[in-house]
Amino acid sequence: MIHPANIRAITLDLDDTLWPIAPTMVRAEAALHQFLREHAPATAVLCYQQGALARLRQQLQQEWHDRLHDLSALRRECIRRALLEAGENPELAAPAFDLFFEARQQVDLYEDALEALAFLSARYPVVALSNGNADVNRVGLGQHFHAAVSAQEFGVSKPDPRIFHEAASRAGVATSQVLHVGDDAHLDVHGARAAGMQCVWINRHEQTWPE
């Protein structure tokens with residue numbers, strides 16, 4: 001149950017809450033593929049005809065148990081290993097990732113997102129709380145956020161209660177005084193509840209509640 005009088009801050013998920021992630025990732029993957037086609041053609045063939053990036057990502061998820069929260073490191077290492085496997089320069093992984101990451105910050109906001117952000121940020125400290133690697137400043141929304149907490153930066157990901165507690169601390173309020181808003185029933189809703197927050201489930205696609 002939400003108690004509006006007790007809300008002193010808002011935490012917001014980003015991907016699929018403020019913008020759809022799918023078109024952003026399509027653009028980012030296309031930018032990466034174009035870079036590889038121009039600078040590492042054998043790697044481009046390996047990645048996009050034989051699915052090497054997906055295979056390498058699965059391998060890394062098994063190997064990097066303590067780093068799965070760091071999506072940027074995972075992506076960069078996948079590119080590096082693909083370059084090695086294709087017999088090309090692994091140092092190209094850094095500029096390839098930088099181009100991918102730049103495209104990853106290009107988002108198409110949901111129609112209601114900007115108005116909602118302006119409304120909320122005028123009344124509460126708003127903290128971005130995300131497992132992804134979007135940067136609210138590079139996205140162009142930094143003026144609406146009091147702070148941002150990412151799994152990549154903090155070291156653990158949602159639904160771990162510690163990242164919710166960190167977001168409340170950044171807002172300067174008790175966890176019970178935070179309303180968390182997100183699209184994922186498990187990561188956002190169950191995570192926020194377990195951390196002692198109030199929460200709202202953003203269900204844009206008429207999903208069935210998992211329970």
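**Figure 1. Lining of the second largest pocket in the predicted model.** In this predicted model, 14 residues line the second largest pocket, and those nearest its centre are Ala 134, Asp 135, Val 136, Ala 148 and Ser 150. Two or more lining residues come from each of strand S2 (126–130), helix H7 (136–139), strand S3 (147–150) and helix H8 (151–154). The largest share is that of S3, which gives three residues to the lining. By class, the lining of this second largest pocket divides into seven nonpolar, five polar and two charged residues, and the space within the pocket comes to about 220 Å³.

**Figure 2. The largest pocket and the residues around it.** The volume of the largest pocket is about 420 Å³, and its lining is made up of 22 residues, with Asp 15, Leu 71, Arg 104, Asn 131 and Gly 132 lying nearest the centre. Helix H1 (21–39), helix H4 (71–85), helix H5 (93–104) and helix H10 (185–195) are the elements that each give two or more residues to this lining. Ten charged residues are found in the lining of the largest pocket, together with six nonpolar and six polar ones.

**Figure 3. The open five-stranded sheet.** The five strands follow one another in the order S3-S2-S1-S4-S5, and their pairing is parallel. S3 and strand S5 (198–201) form the edges, each pairing on one side only, and from one strand to the next the twist averages 20 degrees.

**Figure 4. Helices H9 and H10 lying across the strands.** Helix H9 (residues 161–171) lies across strand S1 (9–12), S2, S3 and S4, and the angle at which H9 runs to S3 is about 165 degrees. H10, which also gives residues to the lining of the largest pocket, lies across S4 and S5 and runs at about 160 degrees to S5.

**Figure 5. The contact of helix H1 with helix H2.** The axes of H1 and helix H2 (residues 41–49) come within 5 Å of one another and cross at roughly 140 degrees, which means that H1 is oblique to H2. On the H1 side the contact is made by Glu 29, Leu 32, His 33, Leu 36, Arg 37 and His 39, and on the H2 side by Pro 41, Thr 43, Ala 44, Cys 47 and Tyr 48. Taken by class, the residues of this contact comprise six nonpolar, three polar and two charged.

**Figure 6. Backbone geometry at Pro 159 and Asp 16.** Most peptide bonds are trans, and most residues other than glycine have a negative phi. In the loop between H8 and H9, where Pro 159 is found, a cis peptide bond joins Lys 158 and Pro 159, with an omega of about 15 degrees. Asp 16, in the loop between S1 and H1, has a positive phi of about 65 degrees although this residue is not a glycine.

Methods
Residues numbered from 1 in each chain as written. Predicted model: local features only at pLDDT ≥ 70, side-chain atom pairs only at ≥ 80, totals over all residues. Heavy atoms only, no water. 1 Å grid on protein atoms, 1.4 Å probe; cavity = no way out; pocket = protein on both sides within 12 Å on 5 of 7 lines; lining within 4 Å. Points joined across faces, edges and corners; volume = space filled by probe spheres on them. Helix = DSSP H or I, 4+ residues; strand = E, 2+ residues; numbered from the N terminus. Nonpolar A, V, L, I, M, F, W, Y, C, P; charged D, E, K, R; others polar. Pairing = 2+ DSSP bridges. Axes fitted to C-alpha atoms, helices over the stretch in contact; angles between N-to-C directions. Contact = heavy atoms within 4.5 Å. Parallel < 35°, antiparallel > 145°, perpendicular 65-115°, else oblique.
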